[in-house]
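Trainee: I would like to go through the labels used for this model and see what each one rests on.

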Amino acid sequence: MQKAFLKFILLFSVLMMTSSTKAQWKQTMKWKAIVSLGISYPFTDGFVKGSFAQPVNFPSVNLGIQRMFKQEYGLRLDYGFNRFANDKESAEFKINYTRFNLQFVYDPTKFLNFLPERIAIPLHAGPGVSFSKPLGGITGRNQTYANLLGGIELHYALNQRLSVFGDFSYIWGLTSLDDYNPPLSGLGAFNGSLFTITVGLSISLSGCQFCD
């Protein structure tokens, strides 16, 4: 009897907390930290002929700071790190790929009335710069070039300050790879595009300070 009563009190408390904050689930914090981890797929045309990476590469790390000016839009400055290695049918190499991007964030969630209270689907896109560096003693293959990133996220709010999310992003390399003759002399060079899938946390840095 006592256990049943305690379960009832717990359930009642959860329902009361949920009902009292329901209207605020779709509020947007002004400042957020973005942290995520996942995998990447670099496209073959970014490598010299005859070289290509394995289709699933780990890790893909994203770290960012986001400032929302209104509930619908804001800016994000973020850093991404990826490492990928050769496929078993390619010559051996490993590459560190890093990027910095300044992105515009648009969140249409408040217009999508069919979504559950805790769900948000923000979009993000913007220019940046990419750096690729081969490992394992390979020198003279470092690449620096502009990129354009676009992505979509699916957020689930755990509470007022913390949400978990999945992110799907495409990073387009805005240049072409140098010509190497023979192609093997360009092993480890990467100057192309990649697709990333990550999961992570969005953490409020502004307490309960909401956007207008």
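Mentor: Start with aromatic pairs: rings of Phe, Tyr and Trp (its six-membered ring) pair if their centres lie within 6.5 Å; planes under 30 degrees apart count as stacked, over 60 as edge-to-face and the rest as tilted. This is a predicted model, in which local features need pLDDT of at least 70 and side-chain atom pairs count only at pLDDT 80 or more, while totals for chains, interfaces and linings use all residues. Residues are numbered from 1 along each chain as its sequence is written, and side-chain values use heavy atoms, with hydrogens and water left out.

Trainee: How many aromatic pairs does this rule give?

Mentor: The count comes to 11 aromatic pairs.

Trainee: Why is the pair of Phe 47 and Phe 84 called edge-to-face?

Mentor: The ring centres of Phe 47 and Phe 84 are 6.1 Å apart and their planes stand at 85°, so the pair is edge-to-face. Phe 47 sits in the loop between β1 and β2 and Phe 84 in strand β3, 37 residues apart, so the pair links distant parts of the chain. Helices (H or I, at least four residues) and strands (E, at least two) are DSSP runs, numbered from the N terminus.

Trainee: What makes Phe 84 and Phe 190 an edge-to-face pair?

Mentor: Their centres lie 5.1 Å apart with the planes at 70°, so this pair is edge-to-face. Phe 190 is in the loop between β8 (162-173) and β9 (194-204), 106 residues from Phe 84.

Trainee: Which residues form one aromatic cluster?

Mentor: Phe 47, Phe 84, Phe 93, Tyr 97 and Phe 190 do.

Trainee: How do you know whether Phe 84 is buried or exposed?

Mentor: Buried means under 20% relative accessible area, exposed over 50%, partly exposed in between (1.4 Å probe, protein chains only). Phe 84 has a relative accessible area of 1%, so Phe 84 is buried. Phe 190 has 0% relative accessibility and therefore counts as buried. Across the protein chain, buried residues make up 42% of the 212 residues.

Trainee: What makes a set of residues a nonpolar core?

Mentor: A nonpolar core is a set of buried Ala, Val, Leu, Ile, Met, Phe, Trp, Tyr and Cys residues joined through side-chain atoms within 4.5 Å. The largest one has 12 residues, including Phe 47, Phe 84, Phe 93, Tyr 97, Ile 171 and Phe 190. The elements giving two or more residues to this core are β4 (94-106) and β7 (143-157).

Trainee: What is Ile 171 in contact with?

Mentor: Contact means heavy atoms within 4.5 Å. Leaving aside neighbours within four places in sequence, the partners of Ile 171 include Tyr 97, Leu 149 and Leu 194.

Trainee: Why does Ser 163 count as buried?

Mentor: Ser 163 has 9% relative accessibility, so the buried label applies. Ser 163 lies in strand β8, and its side chain makes a polar contact with the side chain of His 155 at 3.2 Å. A polar contact is a pair of N or O atoms within 3.5 Å; within protein, one must be able to donate a hydrogen and the other to accept it, and residues adjacent in sequence count only if both atoms are side-chain atoms.

Trainee: How do you know that two strands pair?

Mentor: DSSP must find at least two bridges between them. Strands β1 (residues 31-42) and β2 (residues 57-68) run antiparallel and are joined by 9 bridges, with Ile 34 opposite Gly 64 in β2. Likewise, 9 bridges join β2 to the antiparallel strand β3 (residues 73-85), and these two form a hairpin with 4 residues between them.
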